[in-house]
Structures are given as C-alpha cells and as structure tokens.
Amino acid sequence: MKPLYRFIKFIPTALLMCCLPSWATGDGHENRAGAVDGITDTKENGVTGDGVVPLSLAECLRVGFEENFNIRIERNEAKITDNNAKRTNAGYYPSVDIGASYSGSVNHLKQENNAAYNGYHNGTLNVGPSVSWTVFDGFSVRTTYERLRELQTLGHLSLRATIEEFIADFTAQYYSYIRQYRRLQNLRYAVSLSLDRVRMVEAQYEVGTQSRLDLQQANVDLNTDRSQLMQQYETMHNMRTLLNQLLAYPDVDRQVVAADSLILFDDSLDPIVLEEEMQWNNTYLEMARTGEDISRLDLKLAQSGRYPNIRFTTGYGYTHNMYGSNGPSNYRWQRNLGLNYGVTVGFNIFDGHNQRRRERNARLELDNSRLSYERTELALKKDFSDSWMAYRNNISLISLEQANLETAREYYEIAMERYRLGQLSGIELREAQNSLLAAEERLVQAEYDTKISEITLLYLSGGLTAYLE
C-alpha cells in the first residue's frame with residue numbers, strides 16, 4: 001500500500017491562484033483577508049490580469065480526471081484488463097485454422113528391369129481447415145477465466161486508487177497554496193510595518209531624537225523582510241508551474257486563479273462512522289482482498305495439473321497429387337477429399353516432483369496474501385488512529401492560536417504606541433512585530449494541519465469524493 005495518506009511527499013500540485021501581488025514596500029495593509037483572486041497585479045508578479053476565471057477545487061479536480069497523465073495511463077491499463085477478461089482468452093472456445101501447402105520433388109529412378117526415369121517431377125497440394133478444442137484440462141479453463149475476472153477487478157481498483165491519490169495530493173496542495181498565500185500577505189504586511197518604522201526613524205533621526213545606529217537597524221530589518229517576500233514569490237511561482245504540470249497543461253506558466261482564500265474544514269467528523277467505512281470502502285483493503293482471491297485461484301490452477309487433459313481435433317482436407325508424365329506412374333494426378341478427427345487424452349504420471357513444488361509454492365503465496373491483508377488492515381488502523389488524534393488536537397490548537405493572535409495584536413499596538421513616544425527601543429518593537437507575524441503563521445499552520453488530517457481521514461475511509469461537490 002502506498003503511504004500517500006501520510007502526505008509526506010506533497011508534490012507541489014496545489015491550485016496556484018497565481019495572483020502574486022507586488023512586493024512594493026507600501027500598501028501592505030489592504031486585502032489581508034480578502035479573496036485570493038481579488039488582487040490583480042502586474043505580469044512581473046505572475047498575474048496576467050483580466051480575463052482569468054477563478055476555478056474551484058472541484059473544477060480543477062474534474063480537469064485532472066481528464067488530463068492527468070497518471071490517471072490516463074491507469075485508465076488504459078484498466079481497459080486492458082477489460083479486454084483480457086474474455087472467455088476466448090481463457091480457452092473456452094476451440095481454435096479454427098486453415099492452411100495450405102505445396103511440395104514438389106524431382107527424382108531419378110532406376111528399377112530392377114533396368115527401366116530408368118530421369119528428372120520426373122511430382123507435386124502435392126494440400127488445403128484444408130482444422131479445429132482444435134480442449135474439452136477438459138483439469139478445470140483450468142474455468143479457473144483461468146475466474147482469475148481474469150479478478151484481475152479485471154484489480155485493474156479497476158488500481159484506477160480508483162490512482163484517482164484517490166490524485167484527489168488527496170491535489171486537495172492537500174490546494175490548501176497548501178492558500179497557506180502560502182496568506183504567508184505572502186503576512187510578509188507584505190511585515191514589509192509595510194518595517195517601512196513605516198524606517199520612515200519614522202528617519203524623521204526622528206533628522207530632528208536628533210534617534211541615532212544613526214537605530215536607522216541602520218531599521219533598514220536591515222526592512223531588507224530582511226523584503227528578502228523573505230521575494231523568496232515567497234519564487235515559491236508560489238514554482239507551485240503554479242508544478243500545478244500546470246499535474247493538470248497536463250502544455251504551458252506551465254498558464255495563469256490559474258482559485259476561487260477560495262480560506263482554509264475551511266469539517267469539525268463534525270465521526271470516528272466510529274469513518275472507521276467502519278474504512279473497513280468496507282478503503283481501496284487498498286479491497287485490493288488486498290482481491291489479491292487473496294487471485295492467490296486462491298492460482299492454487300487451483302496448480303492443482304489442475306493432477307487431472308487428465310482431453311483434447312479433440314478435427315479437420316477437412318483436400319489433397320491433389322501430380323505426377324510427371326515421364327515417371328513410372330500409370331496416371332497423371334490423384335485427388336483426395338475427406339474428414340479427419342481424433343481425441344487425445346493425456347495424464348502426467350511423473351514430472352520430477354514439479355507438480356508438488358508448484359502446489360507448495362501456491363499455498364505459500366496464498367498465505368502471504370492473507371498476511372498482506374492483515375498487515376494492510378493493521379497499518380490502516382494505526383494511521384487512522386494517528387490521523388484522528390492529529391485532527392482533534394489541531395482543532396483544539398486553532399482555538400489556542402486564535403487567542404494568541406489577539407494577544408499578539410494587542411501587544412504590537414501597545415509596543416508601536418510606546419515606540420512613537422520614544423519609550424521603546426527598535427529591537428523591542430521588532431520583537432513585537434515578529435511575535436505578531438509568528439502568531440498569524442501558527443494559526444494558519446494549525447488550520448492547514450487540521451485540513452490535512454481531514455483529508456487523510458477521508459482518504460482512509462474512501463470518502464474523498466466529497467471534494468467533488
């Protein structure tokens with residue numbers, strides 16, 4: 001089973017809203033909680049401007065179903081299993097062939113009476129259909145057909161697993177982008193605050209109430225915030241190109257705008273219901289059960305070697321023999337038209353104990369399949385328990401971080417007022433600013449972690465289709 005639901009790989013496939021605002025050092029207060037698509041900046045910020053239609057998560061997922069390469073490949077693989085799951089492929093029906101051949105010879109013949117025939121030519125032409133049918137082969141024909149049907153089921157389960165992986169990865173990274181965008185807003189706000197501080201220190205420096213050291217420190221902090229903001233723009237650009245790669249867009253720089261701007265989650269999930277659904281709807285458990293059924297059929301195929309096999313053959317042939325005029329034959333040609341048939345019965349008496357070896361190996365494979373199912377089931381229970389703990393813990397953490405954010409905002413407002421009055425140093429103001437920004441990021445991170453836990457729980461219980469609504 002693939003450990004996708006742990007979301008440790010997190011390939012950057014989030015829906016990039018790509019509304020990257022200017023990192024200009026002013027106007028950092030506006031639209032801090034507005035919709036992502038509410039900002040229309042210049043091309044250098046990664047936005048084309050007008051004409052880009054916001055897309056919801058469900059709309060992007062529907063595009064991915066049609067265009068994602070992994071899903072398209074897996075869909076073709078499922079069609080191959082559909083084509084193979086036919087009675088004709090299992091040997092239920094006879095095979096019918098038709099063949100034709102011509103052979104000739106040039107001979108030199110000398111008989112006892114000294115009669116000699118030099119270079120006389122004979123030819124034979126054969127034409128006719130033939131039918132071959134395995135009437136009984138130790139029940140292997142029926143077992144082979146059942147195995148093909150199970151492989152068909154496994155192929156469609158593999159397709160479903162690929163689709164679920166796509167939904168889980170894409171949804172996780174979709175909300176990861178929202179988290180990163182809100183971090184971008186915070187960094188813009190940090191640049192705005194640092195710029196206000198620089199202007200304030202410059203004014204105080206000119207009147208002699210602040211030292212040059214304070215002015216230099218303010219500029220250093222401003223440049224630090226600008227550097228972090230520029231790096232954040234690069235991160236968001238990379239997310240956009242990787243998103244377009246996941247959706248199989250040839251133009252990886254194609255602009256896509258998301259309709260969402262907040263990380264919303266469902267806080268009413270029921271662990272009893274989810275765990276019960278996991279037992280019946282989890283794709284990997286179903287694949288493990290199907291694998292066990294296939295191993296059971298493999299054992300039956302191995303045991304079919306102990307039975308006799310009966311094969312029926314028939315054909316209808318036309319033979320035309322041609323004899324040279326200078327040969328010993330009294331006639332020039334001969335024709336034969338008729339039906340031939342036969343029944344072949346075979347039974348393996350001894351094959352070097354290979355039959356016994358095949359059966360032992362098949363039983364071991366069946367035992368491994370059962371163990372694999374139990375291992376998968378136990379791993380899912382463990383992951384479900386961990387995810388549920390993280391889900392409830394993160395919901396509680398959100399309340400705590402919301403309170404911390406309110407405290408940090410009040411603390412910063414007091415610190416800024418004292419700084420204006422000259423009662424607080426620049427370093428202490430910077431600490432208050434960092435505390436405010438850190439509190440905002442912790443809150444966003446807690447919301448994101450809660451969403452990831454929700455995605456994981458729905459992934460484990462087979463309920464990811466909820467994101468299509």
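The model is predicted: local features need pLDDT of at least 70, side-chain atom pairs count only at pLDDT 80 or more, and totals for chains, interfaces and linings use all residues. Residues are numbered from 1 along each chain as its sequence is written, and side-chain values use heavy atoms, with hydrogens and water left out.

**Stop one: the helices**

Two packed helices are described by the angle between their axes and the distance between the axes. Helices here (H or I, at least four residues) and strands (E, at least two) are DSSP runs numbered from the N terminus. Axes are lines fitted to C-alpha atoms, for helices over the stretch in contact, with angles from 0 to 180 degrees between N-to-C directions.

Please select helix H4, residues 140-206, together with helix H5, residues 212-246. Their axes come within 8 Å and cross at roughly 160°, so H4 and H5 are roughly antiparallel to each other. (Angles under 35 degrees count as roughly parallel, over 145 as roughly antiparallel, 65 to 115 as roughly perpendicular and the rest as oblique.) H4 passes H5 in a left-handed crossing; a crossing is left-handed if the near helix is turned anticlockwise from the far one by less than a right angle, and right-handed if clockwise.

The H4 and H8 crossing is left-handed.

Most residues other than glycine have a negative phi. Select Phe139, in the loop between S3 and H4, and check its backbone: phi is near 65°, a positive value in a residue other than glycine. Phe139 is partly exposed because its relative accessible area is 40% (buried means under 20%, exposed over 50%, partly exposed in between, with a 1.4 Å probe and protein chains only).

Next, go to His353, in the loop between strand S6 (333-346) and H8. His353 is not a glycine either, yet has a positive phi of about 65°. At 46% relative accessibility, His353 counts as partly exposed.

Zoom to Leu297 in helix H7, residues 283-303. Leu297 is buried, with a relative accessible area of 8%. Show Thr144 as well: Leu297 and Thr144 are 153 residues apart in sequence and 7.9 Å apart in space, C-alpha to C-alpha.

Then pick Val106 in strand S2, residues 95-110, which counts as exposed at 57% relative accessibility. Val106 and Gly123 are 17 residues apart in sequence, with 9.0 Å between their C-alpha atoms.

**Last stop: a surface patch**

Select Tyr102, Leu125, Val127, Met322 and Trp333, which form a nonpolar patch on the surface with about 460 Å² of accessible area together. Accessible areas come from the Shrake-Rupley method with a 1.4 Å probe; for residues, only the protein chains shown count as cover. Patches are made of residues with over 30% relative accessible area and no salt bridge, joining like charges within 9 Å and nonpolar side chains (Val, Leu, Ile, Met, Phe, Trp, Tyr) within 5 Å. A salt bridge is a side-chain nitrogen of Lys or Arg within 4 Å of a carboxyl oxygen of Asp or Glu. Finish on Leu125, in strand S3, residues 116-137; Leu125 is partly exposed, at 30% relative accessible area.
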